Amino acid sequence: MIRVVLADDQALVRAGFRLLLDTEDGFEVVGEAGDGAQAVARARECGPDIVVMDVRMPGTDGLEATRLISGDPELRDTKVLVLTTFDVDEYVFEALRGGASGFLLKDVEPVELLHALRVIAAGDALLAPSVTRKLIAEYASRPENRRVHPSALRELTDREREVLALVAGGLSNDEIAEHLVISPATARTHVSRIMTKTAARDRAQLVVLAYESGLVTAKRL
């Protein structure tokens with residue numbers, strides 16, 4: 001069962017999301033919030049698997065709430081899916097940099113939203129890599145936006161750096177295994193160790209890290 005908190009300042013929007021999730025097997029809405037501060041409070045109260053977070057809300061906005069949730073050690077297992085009407089690159093990248101595991105627009109089809117929630121809950125794939133990687137590459141690769149020193153990767157082995165670069169390229173564990181001619185289990189182990197060493201929450205955070213540290217540079221995607 002995937003436990004979800006819905007954070008949006010429009011009650012009608014929350015009601016629509018709740019109806020969708022309540023009628024779908026495998027999901028449970030455990031809380032709602034009308035602003036970012038409430039979202040953080042509900043997350044701490046309920047310990048959900050995922051918080052569906054709007055960006056623009058009164059008071060504490062969704063970006064700050066995402067940073068607070070992602071930075072709380074007690075919410076280590078809680079992921080954030082940013083869902084908004086605003087398709088602005090800066091919002092997307094700041095959400096991912098702040099700890100969000102994915103980003104979708106509110107006009108997404110219901111089946112896509114459900115798929116996104118399952119992907120994020122599983123933690124085994126980067127959501128919408130064709131969009132997300134492009135944004136990360138464009139923003140994190142700019143010298144003025146790099147906030148991670150290359151020394152942050154000093155504990156990684158050469159093989160782990162290679163795997164991290166492949167993760168940043170949007171490859172799944174199975175694709176990494178095929179590329180490096182190793183078993184899928186070994187690929188999963190490498191990714192897990194990289195997350196542990198870098199304190200990354202998920203693959204999205206690994207992609208941000210790879211670009212911000214300069215391990216991977218922007219290319220045409």
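Contact here means heavy atoms within 4.5 Å. The model is predicted: local features need pLDDT of at least 70, side-chain atom pairs count only at pLDDT 80 or more, and totals for chains, interfaces and linings use all residues. Residues are numbered from 1 along each chain as its sequence is written, and side-chain values use heavy atoms, with hydrogens and water left out.

**View 1. Ala 7 and its contacts.** Leaving aside neighbours within four places in sequence, Ala 7 is in contact with Ala 33, Ala 39, Val 51, Val 52, Met 53, Asp 54 and Met 57.

**View 2. The largest nonpolar core.** A nonpolar core is a set of buried Ala, Val, Leu, Ile, Met, Phe, Trp, Tyr and Cys residues joined through side-chain atoms within 4.5 Å. Buried means under 20% relative accessible area, exposed over 50%, and partly exposed in between (1.4 Å probe, protein chains only). The largest core has 24 residues; Ala 7, Val 51, Met 53, Ile 69, Val 80 and Val 82 touch the most other members. Elements giving two or more residues to this core are β1 (2-7), β2 (27-33), α2, β3 (50-53), α3, β4 and α4 (89-97). Helices (H or I, at least four residues) and strands (E, at least two) are DSSP runs, numbered from the N terminus. With four residues, α4 gives the most to this core. Apart from it lies another core, of 21 residues, including Leu 156, Ile 176, Val 207 and Leu 209. In soluble globular proteins, nonpolar side chains tend to be buried together.

View 3. A salt bridge is a side-chain nitrogen of Lys or Arg within 4 Å of a carboxyl oxygen of Asp or Glu. The structure holds eleven. One joins the side chains of Asp 22 and Arg 18 (3.9 Å, N to O). Both residues lie in helix α1 (residues 11-22), four residues apart, about one turn of the helix. Asp 22 is partly exposed at 46% relative accessibility. Arg 18 is also partly exposed, at 26%.

**View 4. The Asp 72 and Arg 44 pair.** Their side chains meet in a salt bridge (2.9 Å, N to O). Asp 72 lies in the loop between α3 (62-70) and β4 (79-84) and Arg 44 in helix α2 (residues 36-46), so the pair ties together parts 28 residues apart in sequence. Asp 72 is buried, at 12% relative accessible area.

**View 5. The Lys 197 and Glu 160 pair.** A salt bridge joins these side chains (2.8 Å, N to O). Lys 197 sits in helix α9 (residues 184-198) and Glu 160 in helix α7 (residues 158-168), so the pair ties together parts 37 residues apart in sequence. Lys 197 is partly exposed, at 33% relative accessible area. Glu 160 is buried, at 3% relative accessibility.
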